[in-house]
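Work through the exercises below with the sequence and the 3D structure in view. Each task is followed by a solution in steps.

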Amino acid sequence: MAYEKTPKNEAPELIEKVVYLNRVSKTVKGGRVMKFSALVVVGDGKGTVGYGLGKAAEVSEAIIKGIADAKKNMVKVSLAGGTIPHEVTGIYGAGKVLMKPAPEGTGVIAGGAVRSVLEAVGIKNITARCLRSNNPQNVVKATMEGLKALRSPEQVAAIRGKSVEEIL
C-alpha cells in the first residue's frame with residue numbers, strides 16, 4: 001500500500017494587494033491620536049476576488065485585518081479566457097466604472113484601484129474607465145458590483161432556456 005504525502009497548505013495561493021492606506025488623526029487632551037485604515041483586495045487569479053477594509057492603530061495590523069475581511073467577502077466572477085464576456089458598468093455610491101473586454105495582447109488598461117481588483121481576479125486583457133468618483137473605496141466597490149453582474153453565455157442560455165449556439 002503506497003502512502004502519498006499531501007501538502008500541508010492545500011489552500012490556493014492568493015494575490016493580496018493594498019489599494020489604499022489612509023491615516024486619520026483625532027485630537028485629544030494629550031495631543032493627536034493617529035489611526036490607519038487599509039483597503040485591501042485579495043484574489044486567486046482564477047476568477048475569485050474579494051475586498052476588505054481594516055482599521056487599526058498600526059499600518060501592519062490594519063492590512064492584516066483588511067486581508068481577513070477580504071477573504072470573508074470573496075465572490076466568483078464569470079470570465080471568458082483572459083477577459084470578461086461582455087461590456088459592463090458597475091455603480092456603487094458616486095463610483096461608476098465602465099469595463100470593456102479587449103482582444104489578446106491588450107493588457108490591463110485601467111487606473112489605480114480598478115487595476116488592483118482586475119489583476120487579483122486574473123483578468124489579462126481589459127479596458128476600464130472610472131466615470132464619476134475616484135474615491136478608492138467607492139471605485140473598488142463599483143468594480144466589484146460590475147464583476148458580479150457579469151454573465152457567461154452558458155448562464156444566459158440556461159436562464160433563457162436556449163442553447164449556447166442560439167445565444168451567440
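**Exercise 1. Which residue forms a salt bridge with Glu119, and how far apart are the closest N and O atoms?**

Step 1. Glu119 pairs with Arg115 in a salt bridge whose closest N and O atoms lie 3.3 Å apart. A salt bridge here is a side-chain nitrogen of Lys or Arg within 4 Å of a carboxyl oxygen of Asp or Glu.

Step 2. Glu119 and Arg115 are separated by about one helical turn, because they are four residues apart in helix 2. Helices (H or I, at least four residues) and strands (E, at least two) are DSSP runs, numbered from the N terminus.

Step 3. Arg115 has a relative accessible area of 31%, so this residue is partly exposed. Glu119 is also classed as partly exposed, because its relative accessibility is 29%. The classes are buried (under 20% relative accessible area), exposed (over 50%) and partly exposed (in between), with a 1.4 Å probe and protein chains only.

A note on the source: this is a predicted model, in which local features need pLDDT of at least 70 and side-chain atom pairs count only at pLDDT 80 or more, while totals for chains, interfaces and linings use all residues. Residues are numbered from 1 along each chain as its sequence is written, and side-chain values use heavy atoms, with hydrogens and water left out.

**Exercise 2. How many salt bridges does the structure hold? Find the others.**

Step 1. The structure holds three salt bridges. Side chains of opposite charge can pair when their charged atoms come close.

Step 2. Lys17 forms a salt bridge with Glu119, with 2.9 Å between the closest N and O atoms. This pair links distant parts of the chain, since Lys17 belongs to strand 1 and Glu119 to helix 2, 102 residues apart. Lys17 is partly exposed because its relative accessible area is 24%.

Step 3. Lys148 forms a salt bridge with Glu145, and here the closest N and O atoms are 3.5 Å apart. These two residues lie three places apart in helix 3 (residues 136-148), which means a separation of about one helical turn. Lys148 is partly exposed, with a relative accessible area of 39%, and Glu145 is partly exposed at 34%.

Step 4. Shared partners join Lys17, Arg115 and Glu119 into one network of salt bridges.

**Exercise 3. What is the strand order of the open sheet of four strands? Describe the pairing and the helices on it.**

Step 1. The order is 1-2-3-4, and the pairing is antiparallel. Two strands pair if DSSP finds at least two bridges between them.

Step 2. Strand 1 (15-28) and strand 4 (75-76) are the edge strands, each pairing on one side only.

Step 3. Strand 1 and strand 2 (residues 31-43) run antiparallel and are joined by 13 bridges. Within this pairing, Val24 has Lys35 of strand 2 as its bridge partner.

Step 4. Helix 1 packs on the sheet and touches strand 1, strand 2 and strand 3 (48-56); its direction makes about 145 degrees with that of strand 3. Helix 2 lies across strand 1, strand 2 and strand 3, at about 140 degrees to strand 1. Axes are lines fitted to C-alpha atoms, for helices over the stretch in contact, and angles run from 0 to 180 degrees between N-to-C directions.

**Exercise 4. How many helices and strands does the protein chain have?**

Step 1. The protein chain has five helices and eight strands. From the N terminus on, the elements run β-β-β-α-β-β-β-β-α-β-α-α-α.

Step 2. Of its 168 residues, 36% count as buried.

Notes
Contact means heavy atoms within 4.5 Å.
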